[in-house]
Amino acid sequence: MEMFWEFDGWELQDKHLKQMQSSPFVRPFPALKIEPGLFVLRGPRQVGKSTWLKTILAAKSNRKTCFYLSCENVRDQIDLSEILKSVRDRQIIL
């Protein structure tokens, strides 16, 4: 099953990226060092967490090695654990 980020041009249709591009206020997102490790991104709703991750995803040349997960519908740590086990082969999980 192909994920949205594996389709060419997905970033042109993405609601978060479209909203960012039409905003009169543009703030630069910090670069993310891609190195082994676990990084936790958290914060209040609607501050740009998903948008920042999608900008990183859009910049990747080989997006098939990536996996993007919105935790909006993850019920608990057991759900999250099962999802992460299923994508162990990916190099980057956002």
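**Exercise 1. A residue in a loop**

Find the relative accessible area of Leu 41 and name its class.

*Solution.* Leu 41 has a relative accessible area of 37%. The cut-offs are these: buried is under 20%, exposed is over 50%, and partly exposed is in between (1.4 Å probe, protein chains only). Leu 41 is therefore partly exposed.

Before going on, note that this is a predicted model, where local features need pLDDT of at least 70 and side-chain atom pairs count only at pLDDT 80 or more, while totals for chains, interfaces and linings use all residues. Residues are numbered from 1 along each chain as its sequence is written, and side-chain values use heavy atoms, with hydrogens and water left out.

Now place the residue. Leu 41 sits in the loop between α2 and α3. Helices (H or I, at least four residues) and strands (E, at least two) are DSSP runs, numbered from the N terminus. Next, list its contacts, meaning heavy atoms within 4.5 Å. Neighbours within four places in sequence aside, Leu 41 touches Lys 49, Trp 52 and Leu 53.

**Exercise 2. Two packed helices**

Describe how α2 packs against α3.

*Solution.* Two packed helices are described by the angle between their axes and the distance between the axes. Axes are lines fitted to C-alpha atoms, for helices over the stretch in contact, and angles run from 0 to 180 degrees between N-to-C directions. For α2 (residues 15-22) and α3 (residues 49-59), the angle is about 100° and the axes are 9 Å apart. Now classify: under 35 degrees is roughly parallel, over 145 roughly antiparallel, 65 to 115 roughly perpendicular, and the rest oblique. Therefore α2 and α3 are roughly perpendicular. His 16, Leu 17 and Met 20 of α2 meet Ser 50, Thr 51, Lys 54 and Thr 55 of α3.

Last, look at burial. The buried residues of α3 are Thr 51, Trp 52, Leu 53, Lys 54, Ile 56 and Leu 57. Their cover includes α1, α2 and β1.

**Exercise 3. Aromatic pairs**

How many aromatic pairs are there, and what are the centre distance and plane angle for Phe 4 and Trp 10?

*Solution.* Rings of Phe, Tyr and Trp (its six-membered ring) pair if their centres lie within 6.5 Å; planes under 30 degrees apart are stacked, over 60 edge-to-face, and the rest tilted. This rule gives five aromatic pairs. For Phe 4 and Trp 10, the centres are 5.2 Å apart and the planes stand at 70°, so the pair is edge-to-face. Phe 4 is partly exposed at 34%, whereas Trp 10 is buried at 7%.

Take a second pair. Trp 5 and Phe 67 are also edge-to-face, with 5.5 Å between centres and 90° between planes. Trp 5 lies in the segment before α1 (10-13) and Phe 67 in strand β1 (residues 66-67), so this pair ties together parts 62 residues apart in sequence. Both Trp 5 and Phe 67 are buried.

Finally, join the rings up. One aromatic cluster holds Phe 4, Trp 5, Trp 10, Phe 67 and Tyr 68.
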